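Trainee: I have a model open and would like to go through it. Could you take my questions one by one?

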Amino acid sequence: MIDNFSNTQIVRKAVVATRGGVVAAQHRRAAEAGAAVLEAGGDAIDAAIATSFAIGVVEPWMSGPAAGGCMTLWRAREARAYTIDYGMRSPSRLDPADYPLAGSGRASDLFPWASVEDDRNVQGATAVAVPGVVAGMDLAHERFGRMPWRDLLVAAIALAEEGLLVDWYSGLLMASTARALSLDPDAAALFLEDGRWPILGQWTALTEKRLDQQALARTLRAIAHAGARELYQGDVARALAGDVQAKGGCLSVEDLAAYRATIVEPLDIAYRGGHVYAAPGMTGGPTFARAMHALSDMLPRAAGAPDAASYVAYARALDAAFRSRLETMGDHEAPNAPACTTHFSVVDRDGNLCAVTQTLLSIFGARVVSPSTGVLLNNGVMWFDPEPGKPNSLAPGKRCLANYCPVVGVAADGRRFALGASGGRKILGTVLQISSFLIDHGLTLEQAFHQPRIDVSGGERLIADSALPADIVEALGRAFPTTTARRTLFPYAFAVPAGVLRDGERNMGCTEIMSPWGDAAAEQVL
């Protein structure tokens, strides 16, 4: 693929081992919020909760109180993995008849569904599903947390009161969705200048501009003091549902009050003398497990960087797994869907691990803000096929089928890792390849995150990183229709991972090397 970018530029991220805990997240300040909790004596779960609320402030277009998601975790003392599922649900009052098909064309966003009139399932209050993140964090805290709940929201509240510092990267993301954001007065007021233009600084000036997130700060403060049920049964719940209904949606206070996150048994994938644990059910976990089982039969184990045979095995395993997913689960997200989730991973000094993925679904979700709460709303209704009679057809009170795939791994050599990514259907391939780089090829975490990857996620072509050697690209081309793409930060041709690893008593973390905001932060150890 021809592009305009430098062939001599080198981008790297350093990985530093420490005896303290580490948080790897898609925004440095969210990672630092989690690391500060670890330093204060918190468990990995406490740090994950602090990071979750903080990332919803500093990366509001990916996550926040209106998001859904999933956490896979490892408890060192029990030597046991768990999954906490807090995915979204469609509202109980949703009527599929309110989403009439347009008669021609395809949806304008992530999924190539048949087009719905006025994109009612894609954008606006009619696309809002029941959120789960706050309930998920509450359940994790109740079961495994150590620090007081309100202490874990302190950093997020401070960040919201301060307001997100706008820079070139946030300006780029706002510009990518400015037209859609301008259609909702409250979203336009929060993210656009004069309700129309992305908020950008001057080309050479060191100006400082911030989002006004005071309403969100008040909401977070209420959740901190009254507990998580404030979002589901308190004044915040009533305000949130009222705002959605005022804008034409059907989310109700009854939907919020009825929502429950759940602890479920993770998938236990035996692999090369170790185990990888993945989320079950309506996630990417079952497809990931299928691909890992196929890979164990196809891939010869060899130390050192993966070769052409390794990459062809990755491609074949992923291709078979996605064919099954598309046929049986009704997942038809476009393979070129952008990275519109967030992922972070945590390890504490005791060896407890968390892999956490959260999403509003589309970037900026429904492109609608609740004015009473300052919360950017999800567009989870888009997860459902608007055509009736399909495996994933639109219906009330129904679980959303997602592609997120947070995993924890215990390798035969004793190393343990927590890993996940953002990026829609690209997530599975990235998590599989990095897991294999660590387990099959013995790469370090730093080597694994810098190693070029491929994407095979149900599209017509395999996408290979242009940094791969020519012999590997040629071998892939003999097996699949193949094109190459550069690893850039916009758009992402591959998923955006974040992971941590524990080797003995040493911990480390890394994030996607092209992400300008993503970073790993460690607690200070004396």
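Trainee: Is the crossing of α1 and α2 left-handed or right-handed?

Mentor: Bear in mind that this is a predicted model. Helix α1 covers residues 28-39 and helix α2 covers residues 44-58. Their crossing is right-handed.

Trainee: How are α1 and α2 oriented to each other?

Mentor: The two axes come within 8 Å. They cross at roughly 155°. Angles over 145 degrees count as roughly antiparallel. Therefore α1 and α2 are roughly antiparallel.

Trainee: Which residues of α2 meet α1, and how many residues of the contact are charged?

Mentor: From α1 come Ala-30, Ala-33, Gly-34, Val-37 and Leu-38. They meet Ala-44, Asp-46, Ala-47, Ala-50, Thr-51, Ala-54, Ile-55 and Val-58 in α2. By class, the contact has 10 nonpolar and 2 polar residues, and the charged ones number 1.

Trainee: What about α2 and α8: at what angle do they pack?

Mentor: Helix α8 spans residues 214-226. Its axis and that of α2 lie 11 Å apart. The two helices are roughly antiparallel, and α2 passes α8 in a right-handed crossing. The packing angle is about 165°.

Trainee: Which residues of α8 make that contact?

Mentor: On the α2 side are Phe-53, Gly-56 and Val-57. The contact of α2 with α8 has 5 nonpolar residues, 1 polar and no charged ones. The α8 side consists of Leu-216, Leu-220 and Ile-223.

Trainee: Is Leu-164 buried or exposed?

Mentor: Leu-164 sits in the loop between α4 (154-162) and β6 (165-166). Among the residues Leu-164 touches are Val-57 and Val-58, along with Trp-61 and Leu-211. Its relative accessible area is 5%. The cut-off is under 20%, so Leu-164 is buried.

Trainee: How far apart in space are Leu-164 and Gly-499?

Mentor: In sequence, Leu-164 and Gly-499 are 335 residues apart. In space, C-alpha to C-alpha, the separation is 24 Å.

Trainee: What does the count of disulfides come to?

Mentor: A disulfide is a covalent bond between the sulfur atoms of two cysteines. By the 2.5 Å rule, the count of disulfides is 0.

Methods: Residues are numbered from 1 along each chain as its sequence is written. This is a predicted model: local features need pLDDT of at least 70, side-chain atom pairs count only at pLDDT 80 or more; totals for chains, interfaces and linings use all residues. Side-chain values use heavy atoms; hydrogens and water are left out. Axes are lines fitted to C-alpha atoms, for helices over the stretch in contact, and angles run from 0 to 180 degrees between N-to-C directions. Helices (H or I, at least four residues) and strands (E, at least two) are DSSP runs, numbered from the N terminus. Angles under 35 degrees count as roughly parallel, over 145 as roughly antiparallel, 65 to 115 as roughly perpendicular and the rest as oblique. A crossing is left-handed if the near helix is turned anticlockwise from the far one by less than a right angle, and right-handed if clockwise. Contact means heavy atoms within 4.5 Å. Ala, Val, Leu, Ile, Met, Phe, Trp, Tyr, Cys and Pro count as nonpolar, Asp, Glu, Lys and Arg as charged, and the others, Gly among them, as polar. Buried means under 20% relative accessible area, exposed over 50%, partly exposed in between (1.4 Å probe, protein chains only). Lists of a residue's contacts leave out its neighbours within four places in sequence.
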